[in-house]
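User: I have a new model open and want a quick tour. Can you start with the terms, then take me through the main features?

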Amino acid sequence: MAAEQVRLLVVHGGHEFETNQFLQVFRDNTNVTFEVAQHPAAHARWQAEPAKEWDVLVLYDFWQEIGDEAKADLVARLKEGKGLVVLHHALANYQKWPEFERIVGGKFYLEKQTVNNVEKPQSTYKHDVEFTVRIANNQHPVTQGLTNFVIHDEVYGGFDVSSQTHALLTTEEPASGKTIAWAKTYEAARVVYIQLGHDHLAYENPSFRRLVANAIRWVAKRD
Ligand SMILES: [Zn+2]
């Protein structure tokens with residue numbers, strides 16, 4: 001029923017991608033409706049009134065500039081219990097806003113940085129890797145219906161994963177960090193990060209689609 005569909009706000013900007021094939025993931029999901037917002041206009045959609053139009057924020061952006069109002073709006077929406085799904089390169093967003101790392105539960109370092117007196121090297125990426133993804137927790141709602149799978153995608157290395165996260169997917173691929181998807185909470189919100197999703201070879205992978213659909217349903221508290 002239409003009334004039960006989860007309403008998404010899909011945010012992009014700052015990074016090229018195969019737009020049509022990416023959005024097809026959401027067009028093909030009959031459990032959602034979606035609107036697309038592109039930076040720099042996207043932040044305005046996080047304000048209280050416009051946010052009444054969406055239940056779950058899907059971040060597929062690659063963006064650094066954020067003002068105090070947008071920071072406060074995002075935190076306020078999460079305190080209200082809106083859901084958040086963060087995909088792929090959005091792990092590198094807002095490098096200079098530490099709360100974003102706390103929200104997402106991880107960070108991709110665009111340049112080397114010293115954090116708490118620890119030198120963090122620049123994170124890495126490698127395109128066109130065919131690798132096996134393992135289900136780390138088959139009891140979690142986000143991994144329901146999934147078994148270990150092979151995907152052709154970009155991998156990241158040297159990124160941080162918070163101890164406040166629950167691992168959903170791992171890989172032994174040497175060019176990749178071990179944990180590549182996780183679930184957590186932030187204030188009243190449920191949050192899922194999925195590192196997969198560089199291009200159509202990921203978008204069209206049935207396991208990727210199942211993951212994204214499960215993540216949306218879980219963060220929307222429809223499970
Ligand atoms: Zn990518």
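Analyst: Start with burial. Buried means under 20% relative accessible area, exposed means over 50%, and partly exposed lies in between, using a 1.4 Å probe and protein chains only. By that rule asparagine 93 counts as buried, because its relative accessibility is 2%.

User: What kind of model is this, and how are residues numbered?
Analyst: This is a predicted model: local features need pLDDT of at least 70, side-chain atom pairs count only at pLDDT 80 or more, and totals for chains, interfaces and linings use all residues. Residues are numbered from 1 along each chain as its sequence is written, and side-chain values use heavy atoms, with hydrogens and water left out.

User: Back to asparagine 93. Where is its place?
Analyst: Asparagine 93 is in the loop between strand 4 and helix 3. Helices (H or I, at least four residues) and strands (E, at least two) are DSSP runs, numbered from the N terminus.

User: And what is asparagine 93 in contact with?
Analyst: Contact means heavy atoms within 4.5 Å. Leaving aside neighbours within four places in sequence, asparagine 93 touches Leu59, Asp61, Phe62, Trp63, Gln64 and Phe100.

User: Now the metal. Which protein donors does the zinc ion have?
Analyst: His88 (NE2), Glu154 (OE) and His198 (ND1), lying 2.0 to 2.1 Å from the zinc ion. Donors are N, O and S atoms within 2.8 Å of the metal (3.2 Å for Na, K and Ca); water is not among the atoms, so sites may look incomplete.

User: What spacing do the donors follow along the chain?
Analyst: H-x65-E-x43-H. Histidine 88 lies in the loop between strand 4 (83–87) and helix 3 (98–104), and histidine 198 in the loop between strand 13 (189–194) and helix 4 (200–203), so this pair ties together parts 110 residues apart in sequence.

User: Is histidine 88 buried or exposed?
Analyst: Buried, with a relative accessible area of 0%.

User: Switching to aromatics. How many aromatic pairs are there?
Analyst: Twelve. Rings of Phe, Tyr and Trp (its six-membered ring) pair if their centres lie within 6.5 Å; planes under 30 degrees apart count as stacked, over 60 as edge-to-face and the rest as tilted. One of the pairs is phenylalanine 17 with tyrosine 60, edge-to-face at 5.1 Å centre to centre and 90° between the planes. Phenylalanine 17 is in the loop between strand 1 (6–12) and helix 1 (19–27), and tyrosine 60 in the loop between strand 3 (56–59) and helix 2 (68–79), so the pair ties together parts 43 residues apart in sequence. Both residues are buried.

User: How about phenylalanine 22 and tyrosine 60: stacked or edge-to-face?
Analyst: Stacked, at 4.0 Å centre to centre with 10° between the planes. Phenylalanine 22 sits in helix 1, 38 residues from tyrosine 60.

User: Which residues form the aromatic cluster?
Analyst: Phe17, Phe22, Phe26, Phe34, Tyr60 and Tyr203 form one cluster.

User: Last topic, the sheet. What is the strand order?
Analyst: It is an open sheet of nine strands in the order 2-1-3-4-13-12-11-8-9, with mixed pairing. Two strands pair if DSSP finds at least two bridges between them. Strand 2 (32–38) and strand 9 (149–157) are the edge strands, each pairing on one side only.

User: Do strands 1 and 2 run parallel or antiparallel, and how many bridges join them?
Analyst: Parallel, with seven bridges. Valine 11 has alanine 37 in strand 2 as its bridge partner.

User: And strands 11 and 12: parallel or antiparallel?
Analyst: Antiparallel, over four bridges. Threonine 170 stands opposite threonine 179 in strand 12.
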